[in-house]
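Subject: Structure handover and notes

Hello,

Here is the structure for your files. My notes follow below it.

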Amino acid sequence: MKGVVNIEFILSVVVFLGTLSFITLTIGKDSVFLRESSFYDSLKSNTIQTSNLLVFDRGFPETWETVPITAIRRLGLSSGEKYVLSIQKINKLHEFCRKTNPDGTPNIFYKTNYEKIKELLSLKVEVNLTLATQDGTLLDCTPAIETLSRPKFSIGRIVTVLDGVEKKIANFNITIID
């Protein structure tokens with residue numbers, strides 16, 4: 001009788017350890033997927049929030065396009081109407097993001113301005129902003145060095161650009177690169 005009890009005990013320990021191993025491996029495998037999914041959800045959320053800020057907010061001060069970059073507290077491209085962007089704010093942001101001056105010389109303030117723009121958007125990661133109409137590109141704000149291997153998320157919006165009394169349809173793309 002003693003040997004039978006030992007065999008039952010050994011079998012129950014083997015079944016218990018097998019079940020425990022199966023559960024541990026299943027949870028471990030799924031946690032990697034969940035962690036990656038959570039990371040991309042966070043990246044997507046940051047991109048959408050940045051997009052909403054730029055498209056729907058006027059910024060602070062509301063006439064930030066008339067002050068130096070150091071006086072700006074929050075960026076926003078809205079003219080006050082939904083999905084309508086101010087050409088003056090776009091031009092000012094493009095001026096801050098310009099890698100070269102109009103005469104072709106390098107813009108020595110580019111890196112400082114780009115970092116300030118990221119700070120104004122409350123971003124610690126890289127951001128790529130482009131705004132294009134049928135007539136051409138109005139805004140191209142990209143990091144000095146772009147990478148293809150880092151995770152990124154892009155969102156595109158169709159907006160209207162108010163240039164005086166004329167309104168133009170434009171494609172506004174925002175990419176957040178981790």
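How many bridges join β1 to β4, and do they run parallel or antiparallel? There are 3 bridges, and β1 and β4 run parallel. Strands count as paired if DSSP finds at least two bridges between them. Helices (H or I, at least four residues) and strands (E, at least two) are DSSP runs, numbered from the N terminus.

First, the ground rules. This is a predicted model, with local features needing pLDDT of at least 70, side-chain atom pairs counting only at pLDDT 80 or more, and totals for chains, interfaces and linings using all residues. Residues are numbered from 1 along each chain as its sequence is written, and side-chain values use heavy atoms, with hydrogens and water left out.

The sheet

The sheet is open and has 5 strands. Their order is β1-β4-β5-β2-β3, with mixed pairing. β1 and β3 (136–141) are the edge strands, each pairing on one side only. On average, neighbouring strands are turned by 30 degrees against each other, direction ignored. Axes here are lines fitted to C-alpha atoms, for helices over the stretch in contact, and angles run from 0 to 180 degrees between N-to-C directions.

Helix α2 (residues 87–97) packs on this sheet. The helix touches β1, β2 (126–133), β3 and β4. Contact means heavy atoms within 4.5 Å. The direction of α2 makes about 55 degrees with that of β3.

Now the pairings. Strand β4 (residues 152–163) and strand β5 (residues 166–177) run antiparallel and are joined by 12 bridges. Several opposite positions can be checked against β5:

- F153 faces I176.
- I155 is opposite I174.
- I158 is opposite N171.

β4 and β5 form a hairpin, with 2 residues between them. G164 sits in that turn and has a positive phi of about 70 degrees. On to β2: 7 bridges join this strand to β5, and the two run antiparallel. V127 stands opposite I176 in β5.

S51 is found in helix α1. Is S51 buried or exposed? S51 is buried, with a relative accessible area of 0%. The cut-offs are under 20% for buried, over 50% for exposed, and partly exposed in between (1.4 Å probe, protein chains only). S51 touches I155, R157 and I174, leaving aside residues up to four places away in sequence. I155 and I174 are the opposite pair listed above.

T24 is also a residue of helix α1. T24 is partly exposed, at a relative accessible area of 48%. A polar atom of the T24 side chain lies 2.8 Å from the backbone oxygen of L20. A polar contact is a pair of N or O atoms within 3.5 Å; within protein, one must be able to donate a hydrogen and the other to accept it, and residues adjacent in sequence count only if both atoms are side-chain atoms.

The aromatic pair

A search of the whole structure finds 1 aromatic pair. The ring centres of F56 and Y83 are 4.9 Å apart and the planes stand at 80 degrees, so the pair is edge-to-face. Rings of Phe, Tyr and Trp (its six-membered ring) pair if their centres lie within 6.5 Å; planes under 30 degrees apart count as stacked, over 60 as edge-to-face and the rest as tilted.

Why does the pair tie together parts that are 27 residues apart in sequence? Because F56 lies in helix α1 (residues 2–56) and Y83 in the loop between α1 and β1 (84–86). F56 is partly exposed at 33% relative accessibility. Y83 is partly exposed too, at 36%.

K82 lies over the face of F56, 5.9 Å from the ring centre. The test for a charge over a ring is NZ of Lys or CZ of Arg within 6 Å of the ring centre and within 35 degrees of the ring normal.

Backbone points to check

- The peptide bond from F60 to P61 is cis, with omega near -5 degrees. P61 is in the loop between α1 and β1.
- Y83 has a positive phi, near 65 degrees, and is not a glycine.
- S122 is not a glycine either, yet has a positive phi of about 60 degrees. S122 lies in the loop between α3 (110–120) and β2. At 65% relative accessibility, S122 is exposed.

Best wishes
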